[in-house]
Amino acid sequence: MKKKLSLASSLISTEIDGETILLDIESENYFGFDSVGSDIWRLLKKGKTLQQVYDSLLEMYEVDPKMLRTDLLEFVDKLAESGLVKIE
């Protein structure tokens, strides 16, 4: 959880009504995040580590810590698989 993520340089993002839309200009693929995914993305854009993102989300949402950890790691894995982030 102390790993840092770097965002792909080929991304353009915008927020609309609390949701984030990404365009990967290299692959021309679009991605959309709901409000929770948007909160995670905002924190990652600020250069937060996974642990810092986790801690922030615990403060923002009433959620079981174990469930949050599992969901966060799955979300980040999907981001990495899609080429949106690199795990360092």
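Ile-16 stands opposite Glu-19 in strand 3. This is a predicted model, in which local features need pLDDT of at least 70, side-chain atom pairs count only at pLDDT 80 or more, and totals for chains, interfaces and linings use all residues. Residues are numbered from 1 along each chain as its sequence is written, and side-chain values use heavy atoms, with hydrogens and water left out. Helices (H or I, at least four residues) and strands (E, at least two) are DSSP runs, numbered from the N terminus.

- Three strands form an open sheet in the order 2-3-4, and their pairing is antiparallel. Two strands pair if DSSP finds at least two bridges between them.
- Strand 2 (11-16) and strand 4 (29-33) are the edge strands, each pairing on one side only.
- From one strand to the next, the twist averages 20°. Such angles run from 0 to 180 degrees between N-to-C directions, with axes as lines fitted to C-alpha atoms, for helices over the stretch in contact.
- Strand 2 and strand 3 run antiparallel and are joined by six bridges.
- Two residues lie between the strands in the hairpin of strand 2 and strand 3, where Asp-17 takes a positive phi near 55°.
- Strand 3 (residues 19-24) is joined to strand 4 by five bridges, again antiparallel. Ile-21 has Gly-32 of strand 4 as its bridge partner.

**Helix on sheet**

- Helix 1 (residues 35-45) packs on the sheet and touches strand 2, strand 3 and strand 4. Contact means heavy atoms within 4.5 Å.
- The direction of helix 1 makes about 60° with that of strand 3.

**The largest pocket**

- The largest pocket holds about 190 Å³ of space. A pocket is an open set of points on a 1 Å grid over the protein atoms alone, where a 1.4 Å probe fits, with protein on both sides within 12 Å along at least five of seven lines; lining residues have an atom within 4 Å of a point.
- Helix 1 and helix 3 (65-81) each supply at least two lining residues. Helix 3 gives the most, with five.
- The lining includes Asp-34, Ile-40, Tyr-61 and Phe-75.
- By class, the lining has eight nonpolar, one polar and three charged residues. Ala, Val, Leu, Ile, Met, Phe, Trp, Tyr, Cys and Pro count as nonpolar, Asp, Glu, Lys and Arg as charged, and the others, Gly among them, as polar.

**Thr-49**

- Thr-49 sits in the loop between helix 1 and helix 2 (50-60).
- Thr-49 counts as buried because its relative accessibility is 19%. Buried means under 20% relative accessible area (1.4 Å probe, protein chains only).
- Beyond neighbours within four places in sequence, Thr-49 is in contact with Met-1, Lys-2, Lys-3 and Lys-4.

How values were computed: Points joined across faces, edges and corners; volume = space filled by probe spheres on them. Buried < 20%, exposed > 50% of the residue type's maximum accessible area, 1.4 Å probe, protein only.
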